[in-house]
Amino acid sequence: METFFGLIVILAVLIGTAFSVIGVIGFIRLPDVYTRLHATGKVSVFGVVLLLLAGLFWTPVSPGKDIVLIGLLLLAAPVASHAIASAAYRLGIPPQQLMRNDLAEVVEKENDPTPQG
Amino acid sequence: MIETWVEWTLIFSLAVHIVLTGVCVWRVWRGQNVIDRLIGADLVGTLALAVLVLIALIERTSIYFDVALGLAALGFMASIVLAKYLADQRVL
């Protein structure tokens with residue numbers, strides 16, 4: 001059983017490290033802010049969560065903290081990414097190769113000084 | 001036997017994460033615009049979380065998980081508040 005858990009831990013840690021490396025390479029190489037943000041989302045949702053899953057099998061001292069941390073990361077990381085992307089759009093940083101922009105009229109309506117209705 | 005392999009895997013992963021943290025700090029230092037630096041700071045927090053989890057796994061103590069919990073909660077709030085400050089030029 002110890003061997004089986006050890007193999008699970010090795011597999012999870014290696015896959016999580018690979019996701020972290022891919023996320024940071026994307027953060028360095030991708031062309032604009034929004035695609036970089038898309039790459040860095042992988043680091044917390046896949047990289048750290050896989051490390052924590054490995055911890056669930058390897059240190060039986062505190063599974064509760066581990067599960068709470070997994071839930072916190074899965075809730076918090078996408079929210080932070082959305083907030084940063086929204087701030088980038090409102091600062092006027094242009095997305096490259098844009099096909100369709102549904103956010104433009106929303107932001108225009110927000111900036112409109114005349115009261116609605 | 002398997003414990004040695006797991007330990008070496010964890011140490012290898014720890015080294016990789018520390019190198020990645022250095023790369024992100026360099027990116028925060030030489031960013032193209034302010035949002036780029038904010039993304040870099042967020043990523044440094046996440047990678048520090050990964051380093052803490054790996055240290056907890058290597059040492060087999062749970063005290064580092066407490067530190068990781070605090071870092072995760074505070075880093076989340078810091079990212080949200082900094083993004084809002086940059087977008088609106090005020091905090092509240």
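Is B:Q89 buried or exposed, going by its C-beta neighbours inside 10 Å? I looked this up before anything else. B:Q89 counts as exposed, because it has 8 C-beta neighbours inside 10 Å. The cut-offs I used: buried means 20 or more other C-beta atoms within 10 Å of a residue's own, exposed means 12 or fewer, and partly exposed is in between, with C-beta atoms placed from the backbone.

**Ground rules.** I am looking at a predicted model, where local features need pLDDT of at least 70 and side-chain atom pairs count only at pLDDT 80 or more, while totals for chains, interfaces and linings use all residues. Residues are numbered from 1 along each chain as its sequence is written, and chains are lettered from A and ligands numbered from 1 in the order in which they are written.

I found B:Q89 in the segment after α3 of chain B. For helices I take DSSP runs of H or I with at least four residues, for strands runs of E with at least two, numbered from the N terminus. Phi of B:Q89 is near 60 degrees, a positive value in a residue other than glycine. I noted it since most residues other than glycine have a negative phi. B:R60 also has a positive phi, near 55 degrees, and is not a glycine. I placed B:R60 in the loop between α2 and α3 of chain B. B:R60 is exposed, because 11 other C-beta atoms lie within 10 Å.

**The record for chain B.** I checked UniProt next: an unreviewed entry annotates residues 6-26, 38-58 and 64-87 of chain B as "transmembrane region". The positions are in the numbering used here, feature names are shortened, and annotations may be inferred rather than shown by experiment. In the model, residues 6-26 of chain B are 100% helix and 0% strand, with the end C-alpha atoms 30 Å apart. Residues 64-87 of chain B are likewise 100% helix and 0% strand, and there the end C-alpha atoms are 34 Å apart.

**Inside chain B.** What angle do α2(B) and α3(B) pack at? I read about 175 degrees, with the axes 9 Å apart. Axes here are lines fitted to C-alpha atoms, for helices over the stretch in contact, and angles run from 0 to 180 degrees between N-to-C directions. So α2(B) is roughly antiparallel to α3(B). Angles over 145 degrees count as roughly antiparallel, under 35 as roughly parallel, 65 to 115 as roughly perpendicular and the rest as oblique. Among the residues making this contact are B:L38, B:L49 and B:V53 of α2(B), and B:F65, B:L71 and B:L82 of α3(B). Contact means that the C-beta atoms of two residues, placed from the backbone, lie within 7 Å. By class, the contact of α2(B) with α3(B) has 17 nonpolar, three polar and one charged residues. Ala, Val, Leu, Ile, Met, Phe, Trp, Tyr, Cys and Pro count as nonpolar, Asp, Glu, Lys and Arg as charged, and the others, Gly among them, as polar.

The C-alpha atoms of B:A15 and B:V51 are 9.0 Å apart, though 36 residues separate them along the chain.

**Where the chains meet.** I counted 42 residues from chain B and 45 residues from chain A in the contact. On the chain B side, α1 (2-29), α2 (34-59) and α3 (63-88) each supply at least two residues. The largest share of that side, 14 residues, comes from α2(B). Its residues divide into 29 nonpolar, seven polar and six charged.

The axes of α3(A) and α2(B) come within 10 Å and cross at roughly 170 degrees. These helices are therefore roughly antiparallel to each other. Here A:A80, A:I84, A:A87 and A:A88 meet B:I35, B:L38, B:I39 and B:D42.

I then picked A:K65, in helix α3 of chain A. A:K65 is partly exposed, because 18 other C-beta atoms lie within 10 Å. Not counting residues up to four places away in sequence, A:K65 touches B:S62, B:F65 and B:L69.

A nonpolar core is a set of buried Ala, Val, Leu, Ile, Met, Phe, Trp, Tyr and Cys residues joined through C-beta atoms within 7 Å. Of its 50 residues, those touching the most other members include A:V48, A:I84 and B:V53.
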